[in-house]
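Open the model in your viewer and keep the selection tool at hand. This tour goes stop by stop.

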Amino acid sequence: MASQFSRRVVLKGLGATVALPWLESICSAAGDRPSENAPPKRFAFLFFGDGIHAAEWWSKGDGANLELGPAFASLEPVKEKVNFLHGLRNPYGGGHAQGAAAILSGVGPKNGREIRAAASLDQVLAKRIGDATALSSLVLACERPISGFHESGNSMMYASHVSWSSPVSPVPTELYPSLAFDSLFESKGNRTHASVLDHVREQLRDVTRKASRSDQAKIEEYASSVREVEGRLSRLQANDKDAANDAFKAKRPPNGLPTQLDVHARLMCDIVALAFQADRTRIATMLLTNNLSGQVYPFLGLRDDHHSFSHNWQGKEFASISRFWVEQYGYLVGKLAATQEGDGTVLDNSCIMLANEQWVAHSAEKVPLLMAGGLGGEFATGRTLEFEKSQNRKFSSLLMTVSDRMGLKLDSFGDSTQQLDI
């Protein structure tokens, strides 16, 4: 009968009421079959809109000979874990009001008053594997949705959502780091004098005593990560002179947002890292900017908004914005690469993408795309992959491949009927 116990049931039986990392000894205690004893596979998709600074967005070579353009300078420490894909196409990326909605679906949204897009890959996967975790998927954003209609006649809903559960239903995004954190750990948000871990300290100790030595170290690392993020969220809300950042000395309202984008983005990356580390969900999307983005970057010395700078995509200002978003991606990749899991890391068992819907200035010539992690040995990494001269350049074909390696084989997806051989 022990072989019928799921990992989550065993944890409950041991008294744990908090999500925990994947643990070798817990799986062993559950009597899992060898094929089920492997770490879970995870998929995350990060999106930023309005194109990139093309002159700096390049790579060449593989392995020890891999060279990176200036846009990827922050990825040097983890470049052996990243694939740099050039030349794939999504034909619906040329218009600001369609790109976000089409990027993970491969289907162009309908023009006019009627909302009709298509289910995105993250939600297709969530319906297949989401019941294995407490949250079927995590859908985050660093910018508020845009309302109204674009001059092209497209709903701005298409510009503000990459995750769609159905053709008519974008998945609501969570903007607030504190609420995203609460959703992971089922905190009510009103225990101001007790952290999530304080609430389950005894249960966590019970699990630790039953775990192997290597798993004990993993649990401690996990507990420290949770406390670090809790502490940062608390400091953002604090109204005292010891606040970590001067911008947050004033007490923020319960549903407030970080006022600086760089702080907001890092917190959201931390949330994704914790969600994967704790196996709270295996599917995550994060919209970093909308299409026609109004994000501002005073910490980069820039005064205008993101979309305005995109029209001067060859300028040094827009180059700094492209580098900034790659840096946030690199931060998340680095955190996952530093978290041990089984014989590897959480990153080794994940596929973490960063993409933009455009190349430059309303051009759908190709998709700016990075893909980190080996997805449990499914992908080799540390490569430059060129597709501009390939017969199959469809981004949807890559999404079919990822789905297949995640355990869901699709006969077609978006505008493609064949997988991409990578």
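Predicted model: local features only at pLDDT ≥ 70, side-chain atom pairs only at ≥ 80, totals over all residues.

A polar contact here is a pair of N or O atoms within 3.5 Å, where one must be able to donate a hydrogen and the other to accept it.

**Stop 1: confidence**

Colour the chain by pLDDT. The chain averages 82, and 76% of the residues score at least 70. Now select residues 1-17. Their pLDDT is below 50. Beyond near neighbours in sequence, this stretch has 34 contacts in the model. Next, select residues 29-35. Here too pLDDT stays under 50, and the model has 8 contacts for this stretch beyond four places in sequence.

**Stop 2: Ser-59**

Select Ser-59. Strand β2, residues 59-60, holds this residue. Is Ser-59 buried or exposed? Its relative accessibility is 6%, so Ser-59 counts as buried.

Show side chains. Which side chains make polar contacts with that of Ser-59? One is the side chain of His-86, at 2.9 Å. Another is the side chain of Thr-384, with a polar contact of 2.9 Å.

Now widen the selection. Setting aside neighbours within four places in sequence, Ser-59 touches Leu-66, Glu-67, Leu-68, Phe-72 and Phe-84, among others. The list also includes Glu-386, along with His-86 and Thr-384.

**Stop 3: Ala-102**

Move to Ala-102, in helix α3 (residues 99-103). Ala-102 has 0% relative accessibility, so this residue counts as buried. What is in contact with Ala-102, leaving aside its neighbours within four places in sequence? Select Asn-90, Tyr-92, Val-107 and Pro-109 to see these contacts.

Ala-102 and Ala-119 are 17 residues apart along the chain. Their C-alpha atoms are separated by 9.4 Å.

**Stop 4: a helix pair**

Select helix α6 (residues 177-185) and helix α10 (residues 261-277). Their axes come within 10 Å and cross at roughly 5°. Angles under 35 degrees count as roughly parallel, and α6 and α10 are therefore roughly parallel to each other.

Look between the two helices. From α6, the contact is made by Pro-177, Ala-180, Phe-181 and Leu-184. From α10 come His-264, Leu-267, Met-268, Ile-271, Leu-274 and Ala-275. How many residues of each class does this contact of α6 with α10 have? There are 9 nonpolar, 1 polar and no charged residues.

Conventions. Residues numbered from 1 in each chain as written. Heavy atoms only, no water. Helix = DSSP H or I, 4+ residues; strand = E, 2+ residues; numbered from the N terminus. Buried < 20%, exposed > 50% of the residue type's maximum accessible area, 1.4 Å probe, protein only. Contact = heavy atoms within 4.5 Å. pLDDT = per-residue confidence, 0-100. Axes fitted to C-alpha atoms, helices over the stretch in contact; angles between N-to-C directions. Parallel < 35°, antiparallel > 145°, perpendicular 65-115°, else oblique. Nonpolar A, V, L, I, M, F, W, Y, C, P; charged D, E, K, R; others polar.
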